[in-house]
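Please walk through this structure in the order set out below, with the sequence kept alongside.

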Amino acid sequence: MSLVEIARFHTRVEADLARLLLNDSHIETVLFDTEMHNYLGVGWLMPVRLMGLEEDSGDALRILIEGGLLPPG
């Protein structure tokens with residue numbers, strides 16, 4: 001079991017929405033770099049990273065795309 005980056009977000013709000021959507025689907029995730037993001041105050045310089053288990057990453061991406069939080073691709 002290893003953590004992998006599932007997605008990056010330019011705002012803490014977007015990252016929290018993604019985390020909550022995945023939590024509702026029973027996929028546990030954590031946010032990385034939230035404090036640096038808040039400290040710097042610019043999302044493009046230090047995005048908030050959504051991290052989860054590698055085995056959940058495919059399902060997580062699908063859910064985030066279907067939920068409109070990530071672009072298809």
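Gly68, which follows helix α3, has a positive phi near 80 degrees. Helices here are DSSP runs of H or I with at least four residues, strands are DSSP runs of E with at least two, and both are numbered from the N terminus. This is a predicted model, in which local features need pLDDT of at least 70 and side-chain atom pairs count only at pLDDT 80 or more, while totals for chains, interfaces and linings use all residues. Residues are numbered from 1 along each chain as its sequence is written, and side-chain values use heavy atoms, with hydrogens and water left out.

The segment after α3 also contains Pro72. Pro72 counts as exposed, at 72% relative accessibility; the cut-offs are under 20% relative accessible area for buried, over 50% for exposed, and partly exposed in between, with a 1.4 Å probe and protein chains only. Between the C-alpha atoms of Pro72 and Leu61 the separation is 9.4 Å, and the two residues are 11 apart along the chain.

The protein chain as a whole has 3 helices and 3 strands, arranged along the sequence as β-α-β-α-β-α. Of its 73 residues, 32% count as buried. Contacts (heavy atoms within 4.5 Å) can be sorted by sequence separation: among those with a separation of 6 or more, 63% are between residues 24 or more positions apart.

Which residues of helix α3 are buried? In this helix, residues 57-66, they are Ser57, Ala60, Ile63 and Leu64. Viewed down the axis of α3, the buried residues fall within an arc of 125 degrees, so they line one face of the helix; the arc is that of the directions from the helix axis to the C-beta atoms. Their cover includes β1 (3-9), α1 (12-24) and β3 (48-53).

Leu64 also belongs to the largest nonpolar core, where it is one of the residues with the most contacts, together with Ile6, Ala7, Phe9, Leu22 and Leu50. This core has 14 residues, and β1, α1, β3 and α3 are the elements that give two or more residues to it. A nonpolar core is a set of buried Ala, Val, Leu, Ile, Met, Phe, Trp, Tyr and Cys residues joined through side-chain atoms within 4.5 Å. In soluble globular proteins, nonpolar side chains tend to be buried together. Leaving aside residues up to four places away in sequence, Phe9 touches Glu14, Ala15, Ala18, Pro47, Val48, Leu50, Leu69 and Leu70.

Val48 is also touched by Thr34, whose other contact is Arg12, again not counting residues up to four places away in sequence. Thr34 is found in helix α2 and is buried, with a relative accessible area of 11%.

Next come the charged pairs. The structure holds 7 salt bridges, each defined as a side-chain nitrogen of Lys or Arg within 4 Å of a carboxyl oxygen of Asp or Glu. Arg12 pairs with Asp16, the closest N and O atoms being 3.1 Å apart. Both residues lie in helix α1, 4 residues apart, about one turn of the helix. Arg12 is partly exposed, at 32% relative accessibility.

Another salt bridge joins Arg49 and Asp33, where the closest N and O atoms are 2.6 Å apart. Arg49 lies in strand β3 and Asp33 in the loop between β2 and α2 (34-40), so the pair ties together parts that are 16 residues apart in sequence. Arg49, at 22% relative accessibility, counts as partly exposed, and so does Asp33, at 25%.

On the surface, Leu3, Val30 and Phe32 form a nonpolar patch with about 230 Å² of accessible area together. Patches are made of residues with over 30% relative accessible area and no salt bridge, like charges being joined within 9 Å and nonpolar side chains (Val, Leu, Ile, Met, Phe, Trp, Tyr) within 5 Å. Val30, found in strand β2 (residues 29-32), is partly exposed at 37% relative accessibility. The protein chain exposes about 4,700 Å², of which carbon and sulfur atoms supply 56%; accessible areas come from the Shrake-Rupley method with a 1.4 Å probe, and for residues only the protein chains shown count as cover.
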